[in-house]
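This briefing walks through selected features of the structure shown below, grouped by topic. Please keep the sequence and the coordinates at hand while reading.

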Amino acid sequence: METITLPHLPQFPLQVVLFSEVKNADFLRQQLLDGNTDFEYAFLDAAVILSREHVFAACFRAINDTLQSRLKSKNVHSEIVFALSPNNNISESFRRFGVSDTTKDLLAIKVASRDAVHTETHLKESVQGTVVPFTDEVLAGMTDEACLRKAYKIDVVGNEADAYVVGMIALKGS
Amino acid sequence: MADAASSSARVNALHKFPPPFDTSDESFELIAQGAESLLYRTTFSTTGQPAALKVRPEKKWRHPILDKRLTRARILAEARVLVKLSGEGIAAGGSTPGKRAKVKQPKEGEKGVAGLRGFVPAVLALDWERGWMMTEWVYGRTVKQAIHDTQAGRRAVEREQRLQDLKELLRRIGEVVGKLHASGVIHGDLTTSNMMLRPYDATTPDPTSTDSLDGDVVLIDFGLSTQSVSDEDRAVDLYVLERAFGSTHPREEDLFPEVLTAYAENEGSGMNGKVGKLVLRKLEDVRMRGRKKSMVG
């Protein structure tokens with residue numbers, strides 16, 4: 001597990017775990033649907049994640065919107081999933097960017113947990129998958145280009161697309 | 001110096017920092033102050049890369065509702081243009097997210113060949129309610145500074161070399177402005193201080209040590225930019241640059257035509273060919289009458 005502090009948001013450290021070859025995506029999704037409060041995480045499908053910067057842009061946006069009381073969804077974790085989506089349709093954002101029954105690789109994020117050790121143990125117990133390092137290289141290997149192209153309406157997927165996608169997240173909802 | 005300046009800047013109150021920066025533990029260094037906004041150097045990346053924060057503080061003399069609306073409109077206009085340009089060659093079908101008003105887009109054949117991606121700073125985050133925008137930091141000096149830094153050498157060879165380098169720089173300026181116009185964007189405030197000369201090896205944070213004119217010309221400060229493809233608007237944009245160049249660099253003024261030649265002829269400009277020629281012809285009209293079109297008659 002990696003703990004990341006975003007610049008300017010020292011009071012909201014992120015705990016991030018990247019799992020590959022996840023076996024129980026349907027179970028995890030069900031916990032979110034049931035509103036199980038033990039599962040207050042942002043579960044992202046790593047297939048539509050370009051890079052670390054991409055994830056951080058969505059996290060910053062979601063946390064800033066939380067601070068400004070502008071949440072469009074239930075809590076900061078669901079807002080991270082929503083922030084990734086370039087349009088304002090909440091259920092579509094969950095379908096595209098959240099965990100689904102077919103999710104293979106999963107990025108789990110917890111914002112400002114008081115007990116980081118508990119978060120880590122709980123995640124590793126609940127998610128059946130292999131923990132892999134959260135790096136741009138590993139993420140790049142998990143990317144589903146077709147999905148990304150469709151989600152962001154882009155022709156090119158790769159490093160060059162980062163800036164544009166981050167810009168779209170920043171501009172979203174304007 | 002950065003630390004001392006930053007911590008005092010936040011209490012010292014040119015304005016109150018908008019959240020979340022009011023509780024940030026990063027440093028802020030005031031770089032420039034314009035009529036409407038302040039520019040700080042800070043960081044916005046977990047890797048410690050620098051970033052530029054543009055804050056549009058509240059204007060106490062305006063009615064609060066009007067102030068909010070103007071700030072929002074201006075910050076969004078700037079961000080949309082920057083995001084649109086960073087998506088050149090990436091976005092499918094050239095749609096800009098969050099765009100309300102229908103803006104006429106350039107015709108297919110007119111589009112920038114290589115695009116402006118990488119020649120404008122990328123938007124990292126923004127909050128139009130609170131009036132701030134974070135963009136990528138552009139390394140290097142302003143073109144204005146770079147030109148001033150080159151002192152003509154005593155020997156004829158050096159003078160000749162400087163002349164060639166200057167001409168080459170001006171051609172790169174012409175190309176980048178051509179790309180911008182070809183993408184359907186008018187900058188609105190083209191001056192040599194709104195252009196950065198980014199060293200080709202952009203990782204060296206201390207470019208001031210050299211007086212070379214090498215580097216990419218990167219356009220900054222799109223606070224007055226508009227989206228348009230009309231010859232008139234393009235010509236006025238060039239005219240503003242011509243006048244600004246002449247008064248900032250009087251000794252180099254006679255080299256300015258290099259900009260226009262590159263704009264209308266260079267392959268990389270995107271304005272080469274017929275369109276570019278039309279804009280230059282329009283520029284002659286604009287020179288005769290000035291920036292503002294006569295509203296009489």
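The buried residues of helix α6 of chain B are covered by a set of elements that includes α4, α5 (231-248) and α7 (274-289) of chain B. The residues of helix α6 (257-265) of chain B that are buried are B:Val259, B:Leu260, B:Ala262, B:Tyr263 and B:Ala264. This is a predicted model, and the notes that follow should be read with that in mind.

**Chain A as a whole**

- The secondary structure of chain A consists of eight helices and five strands, and these follow one another along the sequence in the pattern β-β-α-β-α-α-α-β-α-β-α-α-α.
- Chain A has 174 residues, of which 55% count as buried, and its accessible surface comes to about 7,300 Å², with 49% of that area belonging to carbon and sulfur atoms.
- When the contacts in chain A between residues at least 6 apart in sequence are considered, 74% of them join residues at least 24 apart.

**The sheet in chain B**

- In chain B, the three strands β6, β8 and β9 form an open sheet in the order β6-β8-β9, with antiparallel pairing.
- The edges of this sheet are formed by β6 (141-142) and β9 (216-219) of chain B, each of which pairs on one side only.
- Strand β6 of chain B is joined by two bridges to strand β8 (residues 195-198) of chain B, the two running antiparallel, and the bridge partner that B:Thr142 finds in β8 of chain B is B:Met196.
- Helix α4 (residues 156-182) of chain B packs on the sheet, where it touches β8 and β9 of chain B, and the direction of this helix makes about 40 degrees with that of β9 of chain B.

**Aromatic pairs in chain A**

- Over all chains, the count of aromatic pairs comes to 13.
- One of these is the edge-to-face pair of A:Phe27 and A:Phe39, with 6.1 Å from centre to centre and 85 degrees between the planes.
- This pair links distant parts of the chain, since A:Phe27 belongs to helix α1 (residues 25-33) of chain A and A:Phe39 to the loop between α1 and β3 (42-45) of chain A, twelve residues apart.
- A:Phe27 counts as partly exposed at 38% relative accessibility, whereas A:Phe39 is buried, with a relative accessible area of 8%.
- A:Phe56 and A:Phe134 also form an edge-to-face pair, because their ring centres are 6.1 Å apart and their planes stand at 85 degrees.
- The pair ties together parts that are 78 residues apart in sequence, because A:Phe56 lies in helix α2 (residues 52-67) of chain A and A:Phe134 in the loop between β5 (130-132) and α6 (136-142) of chain A.
- A:Phe56 is buried, with a relative accessible area of 5%, and A:Phe134 likewise counts as buried, at 5% relative accessibility.

**An aromatic cluster and charges over rings**

- A:Phe60, B:Phe17, B:Phe21, B:Phe28, B:Tyr40, B:Phe44 and B:Trp132 form one aromatic cluster.
- In chain A, the charged end of A:Lys110 sits over the ring of A:Tyr41, at 5.4 Å from the centre of that ring.
- In chain B, B:Lys179 lies over the face of B:Phe119, at 4.4 Å from the ring centre.

Key. Residues are numbered from 1 along each chain as its sequence is written. Chains are lettered from A and ligands numbered from 1 in the order in which they are written. This is a predicted model: local features need pLDDT of at least 70, side-chain atom pairs count only at pLDDT 80 or more; totals for chains, interfaces and linings use all residues. Side-chain values use heavy atoms; hydrogens and water are left out. Helices (H or I, at least four residues) and strands (E, at least two) are DSSP runs, numbered from the N terminus. Buried means under 20% relative accessible area, exposed over 50%, partly exposed in between (1.4 Å probe, protein chains only). Contact means heavy atoms within 4.5 Å. Accessible areas come from the Shrake-Rupley method with a 1.4 Å probe; for residues, only the protein chains shown count as cover. Rings of Phe, Tyr and Trp (its six-membered ring) pair if their centres lie within 6.5 Å; planes under 30 degrees apart count as stacked, over 60 as edge-to-face and the rest as tilted. A charge sits over a ring if NZ of Lys or CZ of Arg is within 6 Å of the ring centre and within 35 degrees of the ring normal. Two strands pair if DSSP finds at least two bridges between them. Axes are lines fitted to C-alpha atoms, for helices over the stretch in contact, and angles run from 0 to 180 degrees between N-to-C directions.
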